[in-house]
Amino acid sequence: MNLKTLSTAAAVLALAGLTGSSTAGAVPGTVSGDGGNRIGTLRVNGDAYVKEGGLSATWVKESVNVKQVALSGNRIGVLTGDGVAWVKEGGLSATWVKEATDVKQIALSGNRIGVLKDNGEVYVKEGGLSATWVKESDKVKELELSGNRIGVVTGDGVAWVKEGGLSASWVRESDNAIGIDLAGNRIGVLVGNGVAWVKEGGLSASWVREADDVIQLELSGNRIGVLKDSGDAYVKEGGLSATWVHEYTHAIQIALSGNRIGVLKGDGDARVKEGGLSATWVLEAGDVTELALS
């Protein structure tokens, strides 16, 4: 990544945490979903809120002192400021279950829960909230889950993905990676020079170059979203070579889920649209530091 992109990316990630110390040390996690009807926000004061249903549904306060929120299906996960990962299953007022301590990032997908520990070790469990953890990797700096796939970026910048059971073999996907995203049979990587690549199909499918000057890459279904270092958010729908549609300016985060697109502005306003790529934006909340879609 060139110095301009690197410095801008750092600035954007700092902005994404805004001013609250509650987000300090949080690793960018999965913010895009698979077409659910839940929206989660993390507020400046560390409170996590989730709504379910339409874009104008009522917010429910889920937890305090939070530095990451993750959504998948009827599960909600939060990582609190003391490094504890909690997950609830069912309604928005379900009971929290303590999953792990010394956690740096939490990830959810279907009936899988993953945690990245402070020491770089990754663990994933499958089944109920009290299932047994399986150690997946170490020296990891980012974790992603989607269906029966697990993706990691290790400290040396290598992106790895496995498919199948928790003990499946890792496949080396890319070098010089600074981010990874998974959705269905698609894998996306953001490499150090700001180029976003996506492949579709098996783990050894060919990469397609999607965009340059990218600081965030998100996948959901047949949509791909990128946030440029200029603050412009773009989304394409369909094949990997579909045409980009400009969605927003002055954004610091983008999220996708099914036919929903979400953006977070630098002033803390979170907006979501539902339907086509040219649908109307709805203001969801202010004072937001992270937006997540299920």
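**Close-up A. Glu121 is buried and takes part in a salt bridge with Lys135.** In this predicted model, local features need pLDDT of at least 70 and side-chain atom pairs count only at pLDDT 80 or more, while totals for chains, interfaces and linings use all residues. Residues are numbered from 1 along each chain as its sequence is written, and side-chain values use heavy atoms, with hydrogens and water left out. The closest N and O atoms of Glu121 and Lys135 are 3.2 Å apart. The pair links distant parts of the chain, 14 residues apart: Glu121 is in the loop between β9 (112-117) and β10 (122-126), and Lys135 is in strand β11 (residues 134-137). A salt bridge is a side-chain nitrogen of Lys or Arg within 4 Å of a carboxyl oxygen of Asp or Glu. Strands are DSSP runs of E with at least two residues, numbered from the N terminus. Glu121 has a relative accessible area of 19%, whereas Lys135, at 43%, is partly exposed. Buried means under 20% relative accessible area and exposed over 50%, with partly exposed in between (1.4 Å probe, protein chains only).

**Close-up B. Lys162 and Glu136 meet through their side chains in a salt bridge.** The N to O distance is 2.6 Å. This pair also links distant parts of the chain, with Lys162 in strand β14 (residues 159-163) and Glu136 in strand β11, 26 residues apart. Lys162 is buried at a relative accessible area of 4%, and Glu136 is buried at 8%.

**Close-up C. Asp267 forms a salt bridge with Lys265.** Their closest N and O atoms lie 3.7 Å apart. Asp267 is partly exposed, with a relative accessible area of 48%. In total, the structure holds 20 salt bridges.

**Close-up D. An open sheet of 4 strands runs in the order β20-β21-β22-β23.** The pairing in this sheet is antiparallel. At its edges are β20 (214-220) and β23 (245-248), each of which pairs on one side only. Neighbouring strands of the sheet are turned by 25° against each other on average, direction ignored. For such angles, axes are lines fitted to C-alpha atoms, and the angles run from 0 to 180 degrees between N-to-C directions. Two strands pair if DSSP finds at least two bridges between them. Between β20 and strand β21 (residues 223-228), the antiparallel pairing spans 6 bridges. Leu217 stands opposite Val226 in β21.

**Close-up E. Arg223, in strand β21, reaches the backbone oxygen of Gly275 with its side chain.** At 1% relative accessibility, Arg223 is buried.

**Close-up F. Strand β28 (residues 288-293) is largely enclosed by the rest of the structure.** The reason is that 6 of its 6 residues are buried. Strand β1 (residues 38-43) runs antiparallel to β28 and is joined to it by 5 bridges. Leu42 stands opposite Glu290 in β28.

**Close-up G. The second largest pocket has a volume of about 170 Å³.** It is lined by 18 residues, and the closest to its centre are Thr30, Ser32, Gly33, Asp34 and Leu108. At least two lining residues come from each of β4 (66-72), β8 (103-109), β12 (140-146), β16 (177-183) and β20. The largest share, 3 residues, is supplied by β16. On a 1 Å grid over the protein atoms alone, a pocket is an open set of points where a 1.4 Å probe fits, with protein on both sides within 12 Å along at least five of seven lines; lining residues have an atom within 4 Å of a point. Grid points are joined across faces, edges and corners, and a volume is the space filled by probe spheres set on the points.

Close-up H. Asn65 is in the loop between β3 (60-63) and β4 and is partly exposed, at 41% relative accessibility. His250 is in the loop between β23 and β24 (251-257) and is exposed, at 60% relative accessibility.

Methods:
Polar contact = N/O pair within 3.5 Å; in protein donor to acceptor, adjacent residues only side chain to side chain.
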